[in-house]
Amino acid sequence: MGGGGAGARKVARAMMDELMGKDRNKPLSERRRRRNHFSDDDYCKYYLSGFCPYMLFTNTKSDLGQCNLNHSDMMREMWEKLSDGERASYRYEDDFQVFLEDIVRGIELRISKRKEKSQADLNHLPPPDPEMVQQKAVLETEIEKNTEEMDNLNDEGRFEEAKAMMMKIESLQQEVKRKTREIENKRTLETGKVLGVCDICGVLIGVGDEQADARHLVGKQHLGYEQIRNKLKELRETQERRRELRKQFREKQMANEKKETGSAKDEDADREARRDQKREAQSSKDYDRYRY
């Protein structure tokens with residue numbers, strides 16, 4: 001009971017911090033004069049750049065731990081209002097990419113080790129049923145034949161027929177997948193369950209176990225690693241553009257600073273010229289007064 005109340009107070013306190021600042025209870029003279037900003041150390045920069053990976057795998061075997069920074073939608077909105085060049089200048093997305101690269105490198109290593117173990121188990125299975133293998137080969141040959149025919153139809157401009165052929169090919173591909181599962185199911189029937197490895201999240205799945213495969217595809221680990229891989233792909237593709245935007249933004253800043261410096265110098269020169277004119281006018285008056 002007390003734990004729930006403490007959690008609710010913590011959430012309320014975080015909301016008040018975001019809205020009014022952490023110094024809201026201090027005397028007015030001691031409060032910060034500046035508003036909260038997304039660049040403050042207590043805001044999660046990964047969350048600004050898309051999502052915080054620490055939030056994806058809570059209570060799973062892939063749990064990354066807890067992120068102690070604030071995940072503020074208000075700060076993200078402020079961040080998203082910046083120009084592309086200004087966002088690139090902060091390098092938050094570059095740091096995010098480095099972190100995601102580390103995560104993917106770790107899961108790829110885990111997948112590799114698990115696949116070695118899975119392959120060793122598969123090597124001890126009896127060979128696949130020759131008749132079923134032949135059935136699968138017939139389907140694959142038909143796919144190749146239909147693919148070639150579809151390409152010819154496209155070349156001839158017969159796009160509707162090519163589209164129908166594509167649907168037929170997709171249906172055949174599904175049949176190949178089903179036949180592959182049937183082959184593996186028969187191989188493992190006598191020896192027991194053999195675990196396969198998901199190429200996305202590294203989760204172990206019984207070979208040929210369609211229900212387990214379907215469940216794992218909507219599981220927290222699979223969805224989390226899928227999100228990480230998709231985001232990393234996006235960041236890799238935009239890395240060069242971010243570098244160019246950062247360069248352009250820096251050059252624009254330098255040009256503006258140079259312009260402002262030049263304007264300030266011109267203003268100083270104008271002020272000095274006016275002072276000289278006043279001094280000359282005053283000197284002329286003094287000369288005329290003493291002359292007469």
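I take helices as DSSP runs of H or I with at least four residues, and strands as runs of E with at least two, numbered from the N terminus. With that settled, I open helix 7 (residues 159–189) and look at Glu182 and Lys179, which are 3 residues apart and so separated by about one helical turn.

**Ground rules.** I am working on a predicted model, where local features need pLDDT of at least 70 and side-chain atom pairs count only at pLDDT 80 or more, while totals for chains, interfaces and linings use all residues. I number residues from 1 along each chain as its sequence is written, and side-chain values use heavy atoms, with hydrogens and water left out.

**Overall fold.** I get 9 helices and 2 strands for the chain. Reading along the sequence, I note the pattern α-α-α-α-α-α-α-β-β-α-α. For burial I call a residue buried under 20% relative accessible area, exposed over 50%, and partly exposed in between (1.4 Å probe, protein chains only). Of the 292 residues of the chain, 28% count as buried.

Glu182 and Lys179 do meet in a salt bridge, at 3.2 Å from N to O. Glu182 counts as partly exposed at 37% relative accessibility, whereas Lys179 is buried, with a relative accessible area of 14%.

Next I check Arg229, which forms a salt bridge with Glu108, the closest N and O atoms being 2.8 Å apart. This pair links distant parts of the chain: Arg229 sits in helix 9 and Glu108 in helix 5 (residues 92–123), 121 residues apart. Is Arg229 buried or exposed? Arg229 is buried, at a relative accessible area of 18%.

Then Glu77 and Lys81, where the closest N and O atoms of the salt bridge are 3.8 Å apart. Glu77 comes out as partly exposed, with a relative accessible area of 45%, and Lys81 counts as exposed at 66%.

I also jot down a network of salt bridges that links Asp84, Arg87 and Arg241.

**Aromatics.** I pair rings of Phe, Tyr and Trp (its six-membered ring) if their centres lie within 6.5 Å; planes under 30 degrees apart count as stacked, over 60 as edge-to-face and the rest as tilted. The structure holds 11 aromatic pairs. One of them is Phe38 with Trp79, edge-to-face, 5.4 Å centre to centre and 80° between the planes. I see that this pair links distant parts of the chain, with Phe38 in the loop between helix 1 (2–20) and helix 2 (45–48) and Trp79 in helix 3 (residues 73–80), 41 residues apart. Phe38 counts as buried at 1% relative accessibility, and Trp79 counts as buried at 2%.

Which rings form a cluster? I find Tyr46, Phe51, Tyr54, Phe96 and Phe99 linked by ring pairs. While at Tyr54, I check Gly65, 11 residues apart from Tyr54 along the chain, and the C-alpha atoms are separated by 6.2 Å. Gly65 lies in the loop between helix 2 and helix 3 and counts as partly exposed at 33% relative accessibility.

**Surface patches.** I build patches from residues with over 30% relative accessible area and no salt bridge, joining like charges within 9 Å and nonpolar side chains (Val, Leu, Ile, Met, Phe, Trp, Tyr) within 5 Å. Accessible areas come from the Shrake-Rupley method with a 1.4 Å probe, and for residues only the protein chains shown count as cover. For charge, Lys and Arg count as positive and Asp and Glu as negative; His and the chain ends are not counted. I place each charge at NZ of Lys, CZ of Arg, CG of Asp or CD of Glu.

Glu148, Glu149, Asp151 and Asp155 gather in a surface patch of negative charge. Asp151 is found in helix 6 (residues 130–155) and is partly exposed, with a relative accessible area of 38%.

Leu217, Val218 and Leu223 form a nonpolar surface patch, with about 270 Å² of accessible area together. Val218 lies in the loop between helix 8 (210–217) and helix 9 (220–291) and is exposed, at 63%. Leu223 is found in helix 9 and is partly exposed, at 41%. Last entry: Leu223 and Ile200 are 23 residues apart in sequence and 9.0 Å apart in space, C-alpha to C-alpha.

Note on methods
Salt bridge = Lys/Arg side-chain N within 4 Å of Asp/Glu carboxyl O.
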